Amino acid sequence: MNNFIESLFKKTKSPFQFDHEDIDVFVNPPRSRDKAKNDRFTEIIARLYDYQNYKTEIIDGYNDSGADILITKKNITTAIQIKHSHPLSKTKNIGEDVLNKLLQAKHIHKAEHLQLITTTYFIQNTIKKSQLFKNRLNWTR
């Protein structure tokens, strides 16, 4: 992760640019469903990977098969699920259903790695299940 952050600010490349709306999306996650903010958050994450020379594909939507973004670099594909909610919204915490959908994405999109990016918390059972997955799969947590 440190390499990722450091490389964002290398002098050989112009720094990654955030505008005021980008910052607002990070600082003020929505308390209820806000498609515009959620889409913007997904786009920012995709841009961050794009900036790191990953081939990115946003597949966000109702029928996203458990992944919102696919990233590829050196023929290695990672499926990324994005969950953007207010951290104090207990009803939006990450449950096992999210992990199960992401596991489906591994097979549907033939992804070697899985990532879940969230602005909220994991339910305790979800943490235990993700640790089991990490031992069996190429799971990045």
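Asp19, Glu21 and Arg40 are linked in a network of salt bridges. A salt bridge here is a side-chain nitrogen of Lys or Arg within 4 Å of a carboxyl oxygen of Asp or Glu. This is a predicted model: local features need pLDDT of at least 70, side-chain atom pairs count only at pLDDT 80 or more, and totals for chains, interfaces and linings use all residues. Residues are numbered from 1 along each chain as its sequence is written, and side-chain values use heavy atoms, with hydrogens and water left out.

The structure holds 4 salt bridges. The table includes three of them.

| Salt bridge | N to O distance |
|---|---|
| Arginine 40 and aspartate 19 | 2.8 Å |
| Glutamate 21 and arginine 40 | 2.9 Å |
| Lysine 35 and aspartate 39 | 2.9 Å |

What does the pair of arginine 40 and aspartate 19 tie together? Arginine 40 lies in helix H3, and aspartate 19 in the loop between helix H1 (2–8) and helix H2 (20–27), so the pair joins parts 21 residues apart in sequence. Helices (H or I, at least four residues) and strands (E, at least two) are DSSP runs, numbered from the N terminus. Glutamate 21 sits in H2, so its bridge to arginine 40 in H3 ties parts 19 residues apart in sequence. Lysine 35 and aspartate 39 both lie in H3, 4 residues apart, about one turn of the helix.

Accessibility comes next. Buried means under 20% relative accessible area, exposed over 50%, and partly exposed in between (1.4 Å probe, protein chains only). Glutamate 21 is exposed at 52%. Aspartate 19 is partly exposed at 37%, and aspartate 39 is partly exposed at 22%.

Now the interior. A nonpolar core is a set of buried Ala, Val, Leu, Ile, Met, Phe, Trp, Tyr and Cys residues joined through side-chain atoms within 4.5 Å. The largest has 14 residues; Phe41, Ile45, Tyr49, Ile69, Ile80, Ile82 and Ile117 touch the most other members. Helix H3 (35–51), strand S2 (69–73) and strand S3 (76–83) each supply at least two residues. H3 gives the largest share, 7 residues. A second, separate core of 12 residues includes Ala67, Ile94, Leu103 and Leu116.

The strands pair too, which requires at least two DSSP bridges between them. Strand S1 (residues 55–58) and S2 are antiparallel, with 4 bridges. Glutamate 57 stands opposite leucine 70 in S2. S2 and S3 also run antiparallel, joined by 5 bridges. Here isoleucine 71 faces threonine 78 in S3. Their hairpin has 2 residues between the strands, and lysine 74 takes a positive phi near 55°.
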